[in-house]
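User: I am new to this structure. Please take a close look at one part of it and walk me through what is there.

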Amino acid sequence: MKKARRTVTVILLALVLVLPLSYLTACDNGENEDEAETVDGYYTENTVRYYIKANDIHVMELPIGLLFEPSQTYFELRPDGTMEIRAIFKKNFPAVLKSILQTADADLSELDVQGIVDTYVLELMPAFTLKDIPFSLGLLEATLGLRIEGLDFEYKGVKELCDSLAETSRLPSVLDLPEGLGVVYEGKYRIKDLTSEVTGKTFRAVYTGGSAANGEPYMVLTMAENDEGKETLSLHIEFLNITVTGTTL
Amino acid sequence: MRFRRTIAILLTVAFAAVTAVSVAVLLGEEKDTVPVPEPEPMLITFWGDSIAEGVLGPSPLKERDSYAYFAVVGRDNGYIYRNRSVSGHQTSHMLEYIKRPDENAYMNDTLLRTSDIIHISILGNDLLQNSLGSMVVNYAKGNTASLDSNVARARANFTRIMDYIEEVNPDAFVMINTVYNPMFEGSVILPSSCIDEMHAIGMNEEEIRATGTAMLAELNGIIFDYLEEHENAYVVIDAEKEFDRIFREDEERGKGLLYNDGVHPSNEGHAVIADLIQRALEKAGLADEAKALANYKKLRTEQLARLYAGTADTAVNRARIADAASVEEVTDAYFRATDGYTPVYYD
């Protein structure tokens, strides 16, 4: 029972770290983007960057925000309709991650990576393989627009990670990863003002990625202003109980 | 692409204008002709659990807008469609969720109150997340206490959900999915230890599946009982009955209606549910059968070209889709054509 709970926790953590960004880009193909152009909306007048601080990341009451370097973790909206989400890990993130997992009574090396790949990842991204991580990460970028930044395959710890996954389908007990590692998403967005029919309040919705005509992308961010008069951009994913808020400087 | 679309739009507008003028002239009413604006598309919203959310289910995920049933139904009928389902939700969660005021750009409250059509998939997690394995084994041994208490709780919440929707949007056309039976020998929904226990009390493969059927009769009974007490409150989308029919007629296809995790509908499972919803909408006069069929053929034909170039995207398979007389035939043509092929969804 205890082991099952640990495993579930770790799986959830993996989902938390990987899936939210992939939702952004689901359906983000050329055809759908083209259709989405017919939807009304507008862009920011200037490039606006919303920095995400550690305590502005709420994930199932776990301090996931501690993993990221605040100066390099942000949403950025540009006047040409493109956007970037950048989440760069702190230099010591493997140690922080281990510490977070310990508080959740979990251990990364226990994670049955192959089981997760077989059950979920292969469905989400057919052809994904642990035997060839560079290919699989290329798949991630080609299909979902996610780029892993700073992953040097010549780096000793990265080689060990790839070898461990390919040979044992498990993560090494000690993660040694290069500085500057992170995830970057580049895509499109549009803003639309929506008015509540119940309260009359207007919300500024930021639609990220593409969707088919008359549809909606998975994630709709909310643009607002905080008590200090600074602009905020919030992402909320109900099922993972995630709220991430970026704030302008 | 945009140029082609512009030309197509111009040609369509020109054709429509010429037709309208011709008809008006023929009727001698040219002086009084007023352009009739296109009616605003209907708003359909989807609520409930992960089956409806369609994050785990569509494969590859990039094709969610073409495989998940909410999108297929929305696109086929030209509705404005919004999905507000939440993976993991039990009836208690959904009840709390739909009662929240508008709190961000998802605008849930407004959507619930202004939907023309509402579709719900719920109840499954009320069993799945409450020690399903031991519940099944106990039920097989004749101890129904755990199932009974979970069903009773779900029934009370379901009633509150439906009463609330009736209160805030009495005019919406509402549809409710039944929960399909994912249990069969080899399914991953139950741990092998549970299957072993059921074998130990003398159950065979058929009886194991029948156990699931019997338990779901209790759970889905909530839906039918409420409807009996509240006539015309909603239309039942009987996914359980249709999945079971397919399973009995073609076991392999029946098993293929489920995703690798043994819980969620696969691409074809989503298509089967979409077809059921489509029929219900047509019966209610809320969908144009010919238009939806044409749109569905277009959607699947485009997927063939996008995902299966050089494999399943053949003239024969395209013709089978083009010649299909119903959405069900399109579904069959597409999935039999693509069976066994891995989609190429990357450059």
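Analyst: A:S169 sits in the loop of chain A between helix 6 (156–168) and strand 6 (182–195). Its phi is near 60°, a positive value in a residue other than glycine. Most residues other than glycine have a negative phi, and most peptide bonds are trans. A:S169 has 17 other C-beta atoms within 10 Å, so it counts as partly exposed.

Chain A has six helices and 10 strands. Of its 249 residues, 31% are buried. Among contacts in chain A with a separation of 6 or more, 58% join residues 24 or more positions apart.

Now the confidence. This is a predicted model. It scores ipTM 0.87 and pTM 0.88. Chain B has a mean pLDDT of 91, and 90% of its residues reach 70 or more. Residues 1–31 of chain B are another matter: their pLDDT is below 50, and the stretch has seven contacts in the model beyond near neighbours in sequence. Where pLDDT is low, the predicted coordinates should not be read in detail.

B:V34 lies in the loop between helix 1 (2–27) and strand 1 (43–48) of chain B. B:V34 counts as exposed because it has 5 C-beta neighbours inside 10 Å, and the cut-off for exposed is 12 or fewer.

Next, the interface. Here 40 residues of chain B are in contact with 41 residues of chain A. On the chain B side, helix 3 (64–67), helix 4 (69–77), strand 2 (80–83) and helix 6 (108–114) each supply at least two residues. Helix 6 of chain B gives the most, with four residues. The chain B side divides into 19 nonpolar, 10 polar and 11 charged residues.

Two backbone features of chain B deserve a stop. The peptide bond from B:S59 to B:P60 is cis, with omega near -5°. B:P60 is in the loop between helix 2 (50–53) and helix 3 of chain B. B:S131 has a positive phi, near 55°, and is a residue other than glycine. B:S131 lies in the loop between helix 7 (124–128) and helix 8 (132–140) of chain B. With 13 other C-beta atoms within 10 Å, B:S131 is partly exposed.

On to the domains. The assignment for chain B gives domain 1 (41–287) and domain 2 (288–336). Their C-alpha centres lie 26 Å apart. Their contact takes 11 residues from domain 1 and 11 residues from domain 2 of chain B. On the domain 1 side, helix 4 and helix 14 (267–283) of chain B give two or more residues. Helix 14 of chain B has the largest share, six residues. That side of domain 1 divides into three nonpolar, three polar and five charged residues.

Last, a helix pair. The axes of helix 15 (residues 289–307) and helix 17 (residues 327–338) of chain B come within 10 Å and cross at roughly 5°. So helix 15 of chain B is roughly parallel to helix 17 of chain B. From helix 15, B:A292, B:L293, B:Y296, B:K297, B:R300 and B:L304 meet B:V327, B:V330, B:Y334 and B:A337 in helix 17. The residues of this contact divide into eight nonpolar, no polar and two charged.

Note on methods:
Residues numbered from 1 in each chain as written. Chains lettered and ligands numbered in written order. Predicted model: local features only at pLDDT ≥ 70, side-chain atom pairs only at ≥ 80, totals over all residues. Contact = placed C-beta atoms within 7 Å. Nonpolar A, V, L, I, M, F, W, Y, C, P; charged D, E, K, R; others polar. Domains from an automatic or database assignment. Buried ≥ 20, exposed ≤ 12 C-beta atoms within 10 Å, placed from the backbone. pLDDT = per-residue confidence, 0-100. Axes fitted to C-alpha atoms, helices over the stretch in contact; angles between N-to-C directions. Parallel < 35°, antiparallel > 145°, perpendicular 65-115°, else oblique.
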